[in-house]
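The following note is intended for a colleague who is meeting this structure for the first time. The points proceed from the whole chain to individual residues.

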Amino acid sequence: MEVNLLDTPIEYLKGVGPKRGELLRKELGISTYYDLLTHYPFRYVDKSRFYKIAEINNDSAYVQLRGKIVDTEMLGKGASQRFVVTLQDDSGTLELVYFQGIKWIKDKFTIGSEYVVFGKPSLFNGRYNISHPDTELFTEWSATPADPLHPLYSTSEKSKSQGVNSRLLSKLTKSLLPQVKSCILETLPSFILNELKLISRQEALTNIHFPANLELLQKATARLKFEELFFIQLKLLQFKVHRSRTVQGAVFSKIGDYFNSFYNEHLPFELTNAQKKVLREIRLDVGSGQQMNRLLQGDVGSGKTLVALMCMLMALDNGFQACLMAPTEILATQHFHSISKFLSGLDIKVDLLTGSTKANQRKQLHKQLENTDLHLLIGTHALLEDTVQFGNLGLVVIDEQHRFGVEQRAKLWSKSEMPPHILVMTATPIPRTLAMTLYGDLDYSVIDELPPGRKPIKTYHFYENDHSKVYNFLRQQIESGRQAYIVYPLIEESETLDLKNITDGFETICKVFPQYKVSLVHGRLKADEKEAEMQRFKSGETQIMVATTVIEVGVDVPNASVMVIENSERFGLSQLHQLRGRVGRGADQSHCILMSSYKLSKDGRTRIETMVRTNDGFEISDVDLRLRGPGDMEGTRQSGVIDLKIADIIRDEAILKYARRLAEKILAVDPKLEDPQNELLSRQLKFLGRKRTDWSMIS
């Protein structure tokens, strides 16, 4: 009965109705009473204080003003149209500017009436204004007692334009709380509440929305942050424990001829200590009798592919097949060539399966795969097709795994009677706190050394009027026998984005460097055309490759020593770092040149300065996480697994680590949460399981 009330569709709450209910659902993800209850404020303001317009300065965040409307005006036309309202108090005037929902807003204001305005000031043409503020007639505002700390809720431009703003959410939540208070059940047992001195869940949910004072707000925040992070860790770790106890894996009991022959006679260079450590960890996993599920992180050029190959050789030594799945044909083909080269001279059959593989080749490949004549298969999403059946699959390696959907990865489980061992790899470094949250159910290995002889890539920042200097430098490098990449963000010119485009860029480069041959690679080329251009560049037939980010992964040309990235301010840090990793793969000094316009946002400048300062992928990923937040990080799992409502895995790292330790301690004693004192934990996990994707049995 209690849960049913919290599951009530939001349109049934007084003041919502079908139209607003649909808007809340689509724009804010609020479908039920429970969703509204857990749509937490992002900020609180002391609404007992009014600022004067003259007090506003560059340090002002959100301000509350009281004044009269003295003018309204419609300016501009079409997409640039805006509605401007002039507010006046006894210290000056301020413009309130509306770009969205003008039709609904323009009749809302009465000249001469007094309003309360709340919003964030910004400076434009030397004057402060507030874009899309919350406004209310002073007579209505004064009729409602102000909360000591008034909550502000996140909304969207569309919801605000249709009246579903922070003020309405506050009003709806205030009316909802008394109705559902008795339904807010405790989720944490008393031994946790007592140990951490946490307030009850009912108190926490009441005071997170309408705190009586700052101390209660802090207690409510601490309680809800811990709860959110704790149940994420409990779910992941319970899953890991369950899998380790119930899911068996093939036992790779020996290191045999394939591995030893390769290690002793074909290893291209001495393994780093980090690679040896990872191989020891994997060796223990695959020999344990339990299914391996391990995440392997390694910066670009750290030798992950070699480690993956040696793991596949362990599978072969024990009579099993192995496969490697990559997200693009370019990367799959690159892996096929490099692994075939590594294994040259060994009696190991390797093949490639992609969308471009001809029908007759597929037929032969499928037959060899089923009768185990084919040892290693490398490919793209084509590996997931139902027609692809292995005779005895023992190990699956997934490269750049974040590019595959969950359902796609899960299909690999059906390729073998006994679940194959899983090794997922990423060259996108993930901060430890993020990895703990995203991949807390996986074992975790890091290759944090580069192979010997690799020199750190030197990175420089130039503005768009410095092209002549950059071209001269390119000319010097090519004349000394090196090759260069030039990356553009778009294929064709865009009317809305003033970015360099690859079509014009290719023509420019051909004119500037008439004595050299230039390759052109982008996503709209057919697979065989891309491959042909790649091979021309790799063989040295062309000296410059003009490309889009299609070369972000999977291009390994040791002779390429320069990477030029046009409009670098428009790329994410992770992408910039991946692109830079295409050079520095040989013994020569390599260079990355970041070109940008003079119009740099604060975040754009931070990204470029970070790239110039460091080559450390983990430091770069930490900055990226701080800039973009965990929900937007490339490399995260799908479907909002870390769509955190209140916790922050950067600022709340200490809470996260404590929550994980406590979850480990509880599960070590009671892995199924069957003990009566853990009944609340078990119940809450089941409830949360209805709210999100079940990640069980998926690596």
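**Notes on the predicted model**

1. The protein chain has 699 residues, and a compact globule of that length would have a radius of gyration near 27 Å; the chain has 29 Å, which agrees with that expectation. Along the principal axes, the C-alpha trace spans about 85 × 70 × 45 Å.

2. The secondary structure comprises 25 helices and 22 strands. Of the contacts between residues at least 6 apart in sequence, 74% join residues at least 24 apart. Buried residues account for 54% of the 699 residues.

3. The accessible surface of the protein chain is about 31,900 Å², and carbon and sulfur atoms contribute 49% of this area. The chain carries 89 positive and 86 negative charges, whose mean positions lie 2 Å apart.

4. The largest nonpolar core holds 44 residues, of which F262, L309, M312, I339, L343, L376 and L423 touch the most other members. Helix α13 (residues 304–317) supplies the largest share of this core, with 11 residues. Apart from this core lies another, of 34 residues, including L36, L168, L205 and F210.

5. Once neighbours within four places in sequence are set aside, the contacts of L376 include L309, M312, L316, A322 and I339. L343, I348, K349, V350 and D351 are also in contact with L376.

6. V397 belongs to strand β14 (residues 393–399). With a relative accessibility of 0%, V397 counts as buried, because the cut-off is under 20%. Residues up to four places away in sequence aside, V397 touches A308, M312, C323, L324, M325, L423 and M425. From V397 to L309 there are 88 residues in sequence, while their C-alpha atoms are 9.1 Å apart in space.

7. Why is helix α9 (residues 201–209) described as largely enclosed by the rest of the structure? The reason is that 7 of its 9 residues are buried. The buried residues of α9 are R201, A204, L205, T206, N207, I208 and H209. They pack against the helices α3 (33–37), α7 (166–180), α10 (214–246) and α25 (679–689), and against the strands β1 (43–45) and β9 (150–152).

8. T354 sits in the loop between β12 (350–353) and α15 (359–370). Leaving out residues up to four places away in sequence, T354 touches E329, A332, R362, T380 and A382.

9. Most residues other than glycine have a negative phi. N567, which is not a glycine, has a positive phi of about 50 degrees. N567 is placed in the loop between β21 (560–565) and α21 (573–580), and its relative accessible area of 8% makes it buried.

10. L673 lies in the loop between α24 (653–669) and α25. At 4% relative accessibility, L673 also counts as buried.

Definitions and conventions
Residues are numbered from 1 along each chain as its sequence is written. This is a predicted model: local features need pLDDT of at least 70, side-chain atom pairs count only at pLDDT 80 or more; totals for chains, interfaces and linings use all residues. Side-chain values use heavy atoms; hydrogens and water are left out. Helices (H or I, at least four residues) and strands (E, at least two) are DSSP runs, numbered from the N terminus. The radius of gyration is taken over C-alpha atoms; the globule rule is 2.2 Å times the number of residues to the power 0.38. Buried means under 20% relative accessible area, exposed over 50%, partly exposed in between (1.4 Å probe, protein chains only). Contact means heavy atoms within 4.5 Å. Accessible areas come from the Shrake-Rupley method with a 1.4 Å probe; for residues, only the protein chains shown count as cover. Lys and Arg count as positive and Asp and Glu as negative; His and the chain ends are not counted. The place of a charge is taken as NZ of Lys, CZ of Arg, CG of Asp or CD of Glu. A nonpolar core is a set of buried Ala, Val, Leu, Ile, Met, Phe, Trp, Tyr and Cys residues joined through side-chain atoms within 4.5 Å.
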